[in-house]
Amino acid sequence: MSLIQKYNVPGPRYTSYPTVPYWDEDGFSVADWKETLQQSFVQSNTSEGISLYIHLPFCESLCTFCGCNKRITKRHDVEHPYIDAVLKEWQLYCEILPKKPIIKEIHLGGGTPTFFSPENLERLINGLFENAIKHPNHEFSFEGHPNNTTRTHLQKLYDLGFRRVSFGVQDYSEKVQKAIHRIQTFHDVAKVTFWAREIGYTSVGHDLIFGLPFQTVEDVIDTIDKTNSLQPDRLAFYSYAHVPWIKGNGQRGFKDEDLPKDEEKRQLYELGKKRLSENGYHEIGMDHFALETDSLYHSFQERKLHRNFMGYTSSKTQVMIGLGVSSISDSWYSFAQNVKTLEEYYACLEKNELPVFRGHLLTDEDLIIRKHILNIMCQLHTSWHEYGFYFSEINQVLESLSEMEQDGLIIITNHSLSVTEKGKPYIRNICMAFDLRMNRNKPETKLFSMTV
């Protein structure tokens, strides 16, 4: 049996610990969330500021590879009331916080943020700062759809302080694009990339996916070569997460047998990685690559890379507030998720209530395990000899990793674990050994995508 066949099992991507299916929702209340948020804010606002993730859920058409929360519509009269609602939610948070928040990071995700007009996005950002201060070293970013991102979008957001943009590319094969219902040309991607550069964005990213329906080695090589010709500063090269059992994600329109599997799928990644490496890109953590000039590379080298619900970030804040439908917030000591439908979201805000419907209070053990998983995901290394990193079940965890050690995926010493080059494709599996909550209560139904 090959390593891929051996370790390609369902597992989390670890944008949090505990992962959402293992939250203790019964032990959580909105009052608890507010208390831990205030505690964390007082500890960290002055020294590092806070992050905001804003979910903008609207899309004009459904991409069938997407597992995100979205609302499909071509009616743009939905923009104004949604921004009003997000700003009201932000106002409710500002009333909870003991002083003006200092915003270090903003990320606009979706959905399709560029579904919104430049004027409405400007109203959103300016509205946030009516009750907040901009951090002197702020990092603002957004996701852009190459088909509807205009030069005005890019200029307006640049003028508001945004310096990073990522464009969803996925794959340039016409057959693959038809299967995933995401038709866009190389010309359109090149156009928005050049615009961003001309305007002055310091980090332009492209998001690619391997393992898509009908995707071949030739498709990936063609996509990587076209991407290399544009030299984005960073890129994500994600493994397609096939989770058709999740309600509303739209992953239909193709059959399971249309997807590349196991060795075939991994070959797509390895070929892409080799091609990227030959063109000056460095692998960062899991699924990410950056040129040496990009801040993501610098933070990885300086061991400052962080990972949260926004993915990898080049700086860490202890508080991340998620605004908008389905958004997840993180106070470090607890997580809170907003309701998942627009109707519920609007109804909560009309009652002047935070639209939180579930969450989790981290235990002392959770906080220790969280640090280990973050270390492995961000630094490919963790240790437990320091205070605050030791936990009682470390020996059982190491015992469960013995086969991975024999397979050359990790190196274990008396007090530390390091992921080898051979082990990088299995980083999620390595983290799973530390996932005490999941290991104590193995899932009986499908929860996660495959790890490789």
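**Backbone features, helix packing and aromatic pairs**

W332 is found in the loop between β14 (328–330) and β15 (334–338), where helices (H or I, at least four residues) and strands (E, at least two) are DSSP runs numbered from the N terminus. The model is a predicted one, in which local features need pLDDT of at least 70 and side-chain atom pairs count only at pLDDT 80 or more, while totals for chains, interfaces and linings use all residues. Residues are numbered from 1 along each chain as its sequence is written, and side-chain values use heavy atoms, with hydrogens and water left out.

Although W332 is a residue other than glycine, its phi has a positive value near 80°; at 14% relative accessibility W332 counts as buried (under 20% relative accessible area, with exposed meaning over 50% and partly exposed in between, for a 1.4 Å probe and protein chains only). A positive phi of about 60° is likewise found at N352, which is not a glycine and which lies in the loop between α11 and β16 (356–361). One joins Y17 and P18, with omega about -5°, and P18 is placed in the loop between α1 (3–7) and α2 (30–48). Another joins G110 and G111, with omega about 15°, and G111 belongs to the loop between β4 and α4.

Rings of Phe, Tyr and Trp (its six-membered ring) pair if their centres lie within 6.5 Å, planes under 30 degrees apart counting as stacked, over 60 as edge-to-face and the rest as tilted. By this rule the count comes to 21 aromatic pairs. F58 and F115 form a tilted pair, 5.6 Å centre to centre and with 35° between the planes; the pair links distant parts of the chain, with F58 in strand β2 (residues 58–59) and F115 in the loop between β4 (102–110) and α4 (118–128), 57 residues apart. F58 is buried at a relative accessible area of 2%, and F115 is buried at 3%. The ring centres of Y82 and Y345 are 5.9 Å apart and their planes stand at 35°, so this pair too is tilted. Y82 lies in helix α3 (residues 79–96) and Y345 in helix α11 (residues 342–350), so the pair ties together parts that are 263 residues apart in sequence. Y82 is buried, with a relative accessible area of 0%, and Y345 counts as buried at 0% relative accessibility. One aromatic cluster is formed by F58, Y82, F115, F116, Y345 and Y346.

Helix α8 packs with two other helices. Helix α7 (residues 186–199) and helix α8 (residues 217–230) pack at an angle of about 25°, their axes 10 Å apart (axes are lines fitted to C-alpha atoms over the stretch in contact, and angles run from 0 to 180 degrees between N-to-C directions). The two helices α7 and α8 are therefore roughly parallel (under 35 degrees; over 145 is roughly antiparallel, 65 to 115 roughly perpendicular and the rest oblique). In this packing, F186, V189, A190, T193, F194 and R197 of α7 meet K226, S229 and L230 of α8, contact meaning heavy atoms within 4.5 Å. Between α8 and helix α9 (residues 262–278) the angle is about 25° and the axes are 9 Å apart. Here V217, V220, I221, I224, D225 and N228 of α8 make the contact with Q267, L268, L271, G272, R275 and L276 of α9.
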